[in-house]
Amino acid sequence: MAYFVLPGRGKRVYRLAIARRIVDSTARGPRDRSPAGHARRRTRVLRRAMRPSRRFQIGLGPWLRALPTRLPDPALTAALSKLEPHVRVAYVLRYVEGMPRYAVHDQLVELRVREPWPVIRAAEAAVVPAPRRGEEFEPALLRPVRNRSLLPVATAAALTVALAGALVMTERSAPREAPSALRVVTAAPDAWTRGARTLDVWPARGDLAGDRAFTRRAAAAWAAAPADRRASGGTAQLLFAGRLGGAPLAVLRSGGRLARYTGGRLDVVTAGTGASAPIALGGGHYLLAPWDTVPESLTGRRLAVSGGVTGPVRPESGCGRGPLFHLGSRTFGDLGAPRAAVLTYHSPAYRPGGPGRPARLGPAARDLWDRVACATPRQERPVAEAMAFEFWSGRLPHGGRSASWACTRLTYADAGTAAAATLLAAEDRATGPCDADRPVSGTWWRAPSGRSYYVAAAGRGLVPHADGVRRTTTRKRLLVAKGTPGSRVTLTAR
């Protein structure tokens, strides 16, 4: 990744040596192998590769001597060198690393790109030859190169030992236990037909489910993970082992945690124990519950399924989050979490307390969810169900266009909930927390004339009231007021 992001100048050997040095410079100190730690290190690598310091070109000897015999094909490098740095980063993340659009967007935000979406669209429009996947290097050959004298390291180690010895005299530490082996278990293929439908009865799917050597490597990697990411107990349930996009992938489960093992890398996420929520395998593929009916696209077309795994399916929204497919009477969507969530919708005519059974999203509901999902932050916590209540729709005042207000309530796998409001207008914006039973929300808004107003709306049967503004008018549940933009406003609904 660092090699392709570097500016396209100089010989390949020097370019690759500098890329190795940049990566090595982020590997010092204790390694945080959590997904968050990996993301932070990736951000550091990208920042240094986009605009490499001249100091990385001094003393390259150790890295030049450590280069592999085969160098990357120069065709991709030459094409990428013609792109702007941020566009080059977006292209590498999207097509070399295979990250979804929303993840590329979030990474560009971390790199302080002001307008990520135009950058992503420019990367997608770039004409660049496909990278040669066969020329990736084995991780074992890419260990950090030592380039410093051992004297400072030895001195520091001696001082550390002396200090540790002094501490041992006053405090006795607990012995460190080596990680025990993790036993892989699988459910019987027909276990789900004989009892309660839980995640425990999901059989192992995939063409590598019988490859014990591969599943043992995955289990060993999880057993060696840090204690806070390790499997609970001495067993892990195998849910999937197969090839996706040509790469072997294993998915193991222990309690509410999922471990994904591919290419020698292990990712552990909290995914909950919901019985029917599809599991994201990557590349738009989802592992379905064994009892689920054949999924259908959002237009009603049957989706291809092989061994319980859907063909590639992605949201139609521009951010990579949103509705995915129908399963029976439910519509599942991607909110950036490890498992798909059931998406539901209430129109402005809905009254809280009415029937709220999940139903397939219609065209209007899907259009709203495409926008709401993009305005909802990516969810690291597993979401079981997400409801979008469009509690007001109309035209904003003083020349404003048609808009709507939605209150989105997320129900997490651990039964916790959170709700936030979104104003869907010419520019969608989050407007703070909301109560899905008594929805009301407000925000400062700039009219086409350039003047700022405080606007607020409430659900049916409610009238918004605001303190901290002046010259308030309310019509059709829409409050419009003047005041000082950014000042504190207390909003209620009666």
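**Aromatic pairs**

I began with the aromatic rings of this predicted model and counted ten aromatic pairs, where rings of Phe, Tyr and Trp (its six-membered ring) pair if their centres lie within 6.5 Å. I looked up one of them, Trp192 with Trp291: the ring centres are 6.4 Å apart and the planes stand at 50°, so the pair is tilted (under 30 degrees counts as stacked, over 60 as edge-to-face and the rest as tilted). Trp192 sits in the loop between strand S1 (183-185) and helix H10 (212-223), and Trp291 in the loop between strand S7 (285-287) and strand S8 (305-306), so this pair ties together parts that are 99 residues apart in sequence. My helices (H or I, at least four residues) and strands (E, at least two) are DSSP runs, numbered from the N terminus.

**Ground rules I kept**

I used residue numbers that run from 1 along each chain as its sequence is written, and side-chain values that use heavy atoms, with hydrogens and water left out. As the model is predicted, local features need pLDDT of at least 70 and side-chain atom pairs count only at pLDDT 80 or more, while totals for chains, interfaces and linings use all residues.

**H7 against H8**

Next I turned to helix H7 (residues 101-110) and helix H8 (residues 116-125), which pack at about 125° with their axes 9 Å apart. Here axes are lines fitted to C-alpha atoms, for helices over the stretch in contact, and angles run from 0 to 180 degrees between N-to-C directions. That angle makes H7 oblique to H8 (under 35 degrees is roughly parallel, over 145 roughly antiparallel, 65 to 115 roughly perpendicular and the rest oblique). H7 passes H8 in a right-handed crossing, meaning that the near helix is turned clockwise from the far one by less than a right angle. From H7 I noted Arg101, Val104, His105, Leu108 and Val109 in the contact, and from H8 Pro116, Trp117, Val119, Ile120, Arg121 and Glu124; contact means heavy atoms within 4.5 Å.

**H6 against H8**

Helix H6 (residues 85-96) packs on H8 at about 70°, with the axes 8 Å apart. That makes H6 roughly perpendicular to H8, and the crossing is right-handed. I found His86, Val87, Ala90, Tyr91, Arg94 and Tyr95 of H6 meeting Val119, Ile120, Ala122, Ala123 and Glu124 of H8.

**H6 against H7**

I then checked H6 with H7: their axes come within 10 Å and cross at roughly 145°, again in a right-handed crossing. His86, Val89, Ala90, Leu93 and Arg94 in H6 meet Arg101, Val104, Gln107 and Leu108 in H7.

**Asp267**

Last, I visited Asp267 in strand S5 (residues 265-270). A polar contact of 3.4 Å joins its side chain to that of Arg265 (a pair of N or O atoms within 3.5 Å, one able to donate a hydrogen and the other to accept it, with residues adjacent in sequence counting only if both atoms are side-chain atoms). Leaving out residues up to four places away in sequence, I saw Asp267 touch Arg229, Leu258, Ala259 and Arg260.
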